[in-house]
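Let's take a walk through this protein together, starting with pairs of charged side chains and moving on to strands. Have the structure open and follow along.

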Amino acid sequence: MASNLPGLEHILDNLDVGIIIFDNKGTYLFVNKTLLQYTGRTRQDYLNHTVYDFIASGLYKESVVDKVYHEKRAVTQIHVTVSADGKQVGRLVTVSPIFNAQGEIVYAISCLLYTSPSPRDRTRS
């Protein structure tokens with residue numbers, strides 16, 4: 001992924017926020033270590049899968065990335081997902097589109113912050 005900037009993957013892996021890079025079809029191209037810690041999943045669980053695969057499997061109810069593709073702008077919201085151990089977890093997510101010279105989205109970058117407890121847990125207390 002980072003052939004033009006040696007060490008970029010290492011840098012992204014050492015951020016305290018979850019980072020995901022998608023292509024223009026919603027395919028996971030990169031997930032950093034922090035995201036894997038948040039979710040309890042492996043890179044293989046993500047890479048070469050799409051957000052639409054995750055919706056079909058019930059892990060996501062909706063896709064922030066899909067909203068970005070349709071609205072052609074950055075979107076920030078609480079995104080509730082199912083972790084590897086089956087718990088619903090809320091994360092503050094901002095997904096930003098990356099455009100080419102023709103104004104087409106070629107990538108989307110997602111930045112996730114863990115919110116604990118999840119929004120669902122807060123309503124119970």
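Start at Glu71 and Arg73, whose side chains meet in a salt bridge, with 2.7 Å from N to O. By salt bridge we mean a side-chain nitrogen of Lys or Arg within 4 Å of a carboxyl oxygen of Asp or Glu. Keep in mind that this is a predicted model, where local features need pLDDT of at least 70, side-chain atom pairs count only at pLDDT 80 or more, and totals for chains, interfaces and linings use all residues. Residues are numbered from 1 along each chain as its sequence is written, and side-chain values use heavy atoms, leaving out hydrogens and water.

The structure has three salt bridges. Another one joins Asp13 to Arg43, with the closest N and O atoms 2.5 Å apart. This pair links distant parts of the chain, 30 residues apart: Asp13 sits in helix H1 and Arg43 in helix H3. (Helices, H or I with at least four residues, and strands, E with at least two, are DSSP runs numbered from the N terminus.) Asp13 counts as buried, at 13% relative accessibility, while Arg43 is partly exposed at 23%. Here buried means under 20% relative accessible area, exposed over 50%, and partly exposed in between (1.4 Å probe, protein chains only).

Now for the strands. E4 (residues 88-99) and E5 run antiparallel, joined by nine bridges; two strands pair if DSSP finds at least two bridges between them. Leu92 has Leu113 in E5 as its bridge partner. Five residues lie between E4 and E5 in their hairpin, and Gly103 in the turn has a positive phi of about 80 degrees. E5 (residues 105-114) also pairs with E1 (residues 18-23), antiparallel over six bridges.
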